[in-house]
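These are my notebook entries on one protein model, kept in the order in which I looked things up.

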Amino acid sequence: MKKCIFRVCVVGTLFFAGLAVAQEITPTQDSLEAVAPETAQEVEQAEAAGEVADVAEAEEVAEVLESTPTPVVEEAPAAVAALESSSSDPLAKAELFYTLPDFCPTPDGFALAPWGDILMSCPNYADPTHPAVILRITPENEVRLWAICPVNPETGKAGPMGMAFGPDGNLYIADNAGWADGSMGRVLRLIVNENHRPVGCEVVAYNFGHPNGIRVHNNYIYVTHSLLQVEADKPVVSAVYRFPLDAKSIKVENSVSDPHIVVIAQTENLKVPYGLDGLCFDKEGNLYVGNFGDGSILKVSFDAEGNASEPTVFAKGPEMISNDGMIYGTDGNIYLCDFSQNAILAVTPEGKIITIARNGDTDGADGSLDEPGDIIQRGSELIISNFDNVPGPPHINTQHDKPSTLSIIRLEGVEVK
């Protein structure tokens, strides 16, 4: 495999000192102040301050690590009860793509940049002493720091999860800064200039309890709210919100009455109280959204006026215990992360569930899946982030552990049908 090299590179840093978020005002970029750290110590100070780092075409400050050749991945244990519930054998194995440095302990969402890089969010819930960052993966498999996510000035926190680029060339982020306490979530628009650098930030919407996945389609931003209503011994209610691409500073309601909601769903599995999570669109514009706790995928269509149909169950079966990040693949299949059983699944256009890769409890050091959180396709490769931060039943993983890794699955020669 190609070598993956991590470099931290900095020529300038932009302070988001005046970013307005959880208030009913229009955020602006007028208060950005440029700074150019020249030493590794200044880079660390910039990270601690919650700044956005401009790293394109920059002087190399420190090479943190270089990947080693991918080891052979052993067969997953067959005695894990959750794995035995699956009726299909894996078609492939996950291999090691990259071992992340210590300041990226919680990798999560991917976005394919218009210029060819892959961006990845690291909300770093596993160790909040590190700021939430966004990394870039180049076509040559170099992994670099691209940005430090702007924090909410009221809480000093940021939690970038799902990400997607819009037709305007800007990056849209589901900022789940309140992962622990369910407050102050936002949808951010990170302004990207012609040199592929982050130069500003605007708040699309705020006051979310738990924003998660995000996609941009037909000039609208779609965001899943995984925990819209949570009551003891009752099904969790979750939703998909929709905003115009040019929306700014919208205060949402954490209730089913919010006018921006286009899809509402319940999670009937009371043992796994977590609702709508990953989402994607097919070529015809149909929306597919995963119900994490129920292990099902819902399908929603839209009429000419953009009105959403009632969601119908598109895929559900013993092969899929849960679902997190998902993509619509170039072959017409949906590829998704089964977080709970350490698996990558494919769903055909007919709704058939196929196990692509699966393994038991692991620390991920050999490239095995370690609570896969999101997935992206690059040619015939699937690159997966291993979230590894929610131990215990119903999840196979028993603990959060180092290292933090990205996995890769090579689809060349794999027949998915």
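**Entry 1. A term, and strand E26.** I take a residue as buried when its relative accessible area is under 20%. The model is a predicted one. How many residues of E26 are buried? I found that 5 of the 5 are, so E26 is largely enclosed by the rest of the structure. I then looked at the two faces of E26. On one side lie Ala343, Leu345 and Val347, and on the other Ile344 and Ala346, all of them buried, which leaves both faces covered.

**Entry 2. The sheet around E26.** I next asked which sheet holds E26. The order is E24-E25-E26-E27, an open sheet of 4 strands with antiparallel pairing. Strand E24 (326-328) and strand E27 (353-358) are the edge strands, each pairing on one side only. On average, neighbouring strands of this sheet are turned by 20 degrees against each other, direction ignored. I note for background that strands of a sheet pair through backbone hydrogen bonds.

**Entry 3. The partners of E26.** I followed the pairing on each side of E26. Strand E25 (residues 334-338) pairs with E26 in the antiparallel sense over 5 bridges. Within this pairing, Leu336 has Leu345 of E26 as its bridge partner. E26 (residues 343-347) also pairs with E27 over 5 bridges, again in the antiparallel sense. Here Leu345 has Thr355 of E27 as its bridge partner, and Ala346 stands opposite Ile354 in E27.

I also looked up the turns. E25 and E26 form a hairpin with 4 residues between them, and Asn342 in the turn has a positive phi of about 50 degrees. The hairpin of E26 and E27 has 5 residues between the strands, and Gly351 takes a positive phi near 90 degrees there.

**Entry 4. Another sheet.** I recorded an open sheet of 4 strands in the order E20-E21-E22-E23, with antiparallel pairing. Its edge strands are E20 and strand E23 (312-316), each of which pairs on one side only. Neighbouring strands of this sheet are turned by 30 degrees against each other on average, direction ignored. Inside the sheet, strand E21 (residues 287-291) and strand E22 (residues 296-300) run antiparallel and are joined by 5 bridges. Leu287 stands opposite Val300 in E22.

**Entry 5. The largest pocket.** I turned to open space. What volume does the largest pocket have? I noted about 620 Å³. Its lining comprises 25 residues, and those nearest its centre are Leu112, Ala164, Arg215, Ile327 and Tyr328. By class, the lining divides into 14 nonpolar, 6 polar and 5 charged residues. At least two lining residues each come from strand E7 (110-112), strand E11 (160-165), strand E15 (211-217), strand E20 (276-281), E24 and strand E28 (372-378). The largest share, 5 residues, is supplied by E28.

**Entry 6. The largest cavity.** I counted 2 cavities of 30 Å³ or more. The largest has a volume of about 140 Å³. It is lined by 18 residues, and Gly162, Gly213, Gly278, Gly325 and Asp374 are the closest to its centre. E11, E15, E20 and E28 each give two or more residues to this lining, and E15 gives the most, with 4 residues. By class, the lining has 6 nonpolar, 7 polar and 5 charged residues.

**Entry 7. The largest nonpolar core.** In soluble globular proteins, nonpolar side chains tend to be buried together. I found 21 residues in the largest nonpolar core, and those with the most contacts inside it are Val187, Val204, Ala205, Ile214, Ile221, Tyr241 and Phe243. At least two residues of this core come from each of strand E12 (171-175), strand E14 (198-208), E15, strand E16 (220-229) and strand E17 (236-244). E17 gives the most, with 4 residues.

**Entry 8. Leu96.** Leu96 is found in strand E6 (residues 95-99). Is Leu96 buried or exposed? Leu96 counts as buried because its relative accessibility is 7%. Leu96 and Asp366 are 270 residues apart along the chain, and their C-alpha atoms are separated by 5.8 Å.

Notes. Residues numbered from 1 in each chain as written. Predicted model: local features only at pLDDT ≥ 70, side-chain atom pairs only at ≥ 80, totals over all residues. Heavy atoms only, no water. Pairing = 2+ DSSP bridges. Axes fitted to C-alpha atoms, helices over the stretch in contact; angles between N-to-C directions. 1 Å grid on protein atoms, 1.4 Å probe; cavity = no way out; pocket = protein on both sides within 12 Å on 5 of 7 lines; lining within 4 Å. Points joined across faces, edges and corners; volume = space filled by probe spheres on them. Nonpolar A, V, L, I, M, F, W, Y, C, P; charged D, E, K, R; others polar. Core = buried A, V, L, I, M, F, W, Y, C linked by side-chain atoms within 4.5 Å. Buried < 20%, exposed > 50% of the residue type's maximum accessible area, 1.4 Å probe, protein only.
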